Amino acid sequence: MLTTEQINEIGDFCEKWGVNCYDVKVELVDHLSSTTENLMAEDPALLFDEAFIQARQSFGDMSFEQIVKQKEKAIARNGRKQQLKYLSSFFTLPKILLTIGYVLVCYAMIRFIPKDISKIVAMSILTLSFIPPILSQATFFHRVDYFFYSYIDYKNKRCSQIRPLLLFSKKNNIAWLSQLCVTLLYVMLATGWAGINNDTHNIWVSESILFFVSGLSWIGFGAYRHQKKKLLGYAVDNYPAAFEIKQL
Amino acid sequence: MNKSNLYKGCLEPLVLKLLNDNGRMYGYEMTQKVKELTVGELTITEGALYPLLHRLEADGILTTEVESIGNRPRKYYKLTEKGEKQKSHALEELQNFMRTMQLLLHPQTI
């Protein structure tokens, strides 16, 4: 049986060859360790360093690159599949009915309620819709999502497996930016920056769009939270050792 | 012709059969088992085995579990329900291929 120092040496060697992905590293370290152990068992006079060199030679350096490349492809494919699966699982029948209900309410607002009242309602929903993304996006201007950061053993570079999951953090940022753009457009139309100060129709159309988009952003935010929670659960179930900080 | 080229297409059914017979296995164990069963005739290279295992895992044919053995973790592979079906299909295809080869090489024996 190899010592922990010897196992770490094998781990460092794998990292040097670009094997950062947690589960690939686990199996390559185990494979090289087993080969080394076997060689040492067959020839008890063989030292660890010599046995490890032989184990590496039997593996071939090109194999590392090949394995890592293939694994990255498999992760990306699997990550996309999981993201779609968890996103679609959010839209259960009650939520679909609520969405349809919301669209009908929007229509009713535009069609029947006096403009002044609907304007207040639209602005309230818009203002409130900004709060959850701001609260959850404390790291908006950073690339790393601290929600994950706190659970991943970055020190030991065991985060690679989770990297594809961080993509949807960027997607949320895009949604947030789109919302901001719609708001700016509204402000431009409402205050006459676009040169249509007294065009009531344009202002009303912009308010309606804004109201609709604000509500949808709530639904989008709900879907995002749901997807994030499910993906974290998936990552914890499949790669428990990468979440050692949480387990402790 | 290089012997490994002949075996290349057989790797997937072979891995699926091994996992079906042994329940769960880890990468190194698979290479050793094949070496043992074929008396050293066939050696699976790591560069071919692991990409295949990762692809099958991503396709939902295999599932994995990591277990700690002494001072290091070890990753085990096993067949999923989908993998069971895939195994039967892959073995059937391999047998068809072998029959066709027999037909081409020894027409009188078939």
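Visitor: Hi! Which side chains meet in a salt bridge with Asp21(B)?

Guide: Hello! The side chain of Lys17(B) does, at 2.7 Å from N to O. A salt bridge here is a side-chain nitrogen of Lys or Arg within 4 Å of a carboxyl oxygen of Asp or Glu. Before we go on, this is a predicted model, in which local features need pLDDT of at least 70 and side-chain atom pairs count only at pLDDT 80 or more, while totals for chains, interfaces and linings use all residues. Residues are numbered from 1 along each chain as its sequence is written, chains are lettered from A and ligands numbered from 1 in the order in which they are written, and side-chain values use heavy atoms, leaving out hydrogens and water.

Visitor: Where do Asp21(B) and Lys17(B) sit in chain B?

Guide: Both are in helix H2 (residues 11-22) of chain B, and because they are four residues apart there, about one helical turn separates them. Helices (H or I, at least four residues) and strands (E, at least two) are DSSP runs, numbered from the N terminus.

Visitor: How many salt bridges does the structure hold?

Guide: Eleven, over all chains. One of them joins the side chains of Lys75(B) and Glu57(B), 3.4 Å from N to O. Lys75(B) lies in strand E3 (residues 72-79) and Glu57(B) in helix H4 (residues 46-58), so this pair ties together parts of chain B that are 18 residues apart in sequence. Both residues are buried.

Visitor: And in chain A, what does Glu15(A) pair with?

Guide: Lys25(A), in a salt bridge of 2.7 Å from N to O. Glu15(A) belongs to helix H1 and Lys25(A) to helix H2 of chain A, so the pair ties together parts ten residues apart in sequence. Glu15(A) and Lys25(A) are both buried.

Visitor: Which residues are linked in a network of salt bridges?

Guide: Asp30(A), Glu37(A), Arg72(B) and Arg74(B). Two of those names come back with Ser34(A), which touches Tyr28(B), Arg72(B) and Arg74(B), leaving aside residues up to four places away in sequence. Contact means heavy atoms within 4.5 Å.

Visitor: What else can you say about Ser34(A), buried or exposed?

Guide: Ser34(A) is buried, with a relative accessible area of 4%. Ser34(A) lies in helix H2 (residues 22-42) of chain A, and its side chain reaches the backbone oxygen of Asp30(A) at 2.8 Å.

Visitor: Switching to helix packing: at what angle do H1 and H3 of chain A pack?

Guide: About 35°, with the axes of H1 (residues 4-16) and H3 (residues 48-59) 12 Å apart. Axes are lines fitted to C-alpha atoms, for helices over the stretch in contact, and angles run from 0 to 180 degrees between N-to-C directions.

Visitor: Which residues make that contact?

Guide: H1(A) brings Gln6(A), Glu9(A), Ile10(A) and Phe13(A), and H3(A) brings Phe48(A), Asp49(A), Phe52(A) and Arg56(A).

Visitor: Last one: how many helices and strands are there in chain B?

Guide: Five helices and three strands, running α-α-β-α-α-β-β-α from the N terminus on. Of the 110 residues in chain B, 40% are buried.

How values were computed. Buried < 20%, exposed > 50% of the residue type's maximum accessible area, 1.4 Å probe, protein only. Polar contact = N/O pair within 3.5 Å; in protein donor to acceptor, adjacent residues only side chain to side chain.
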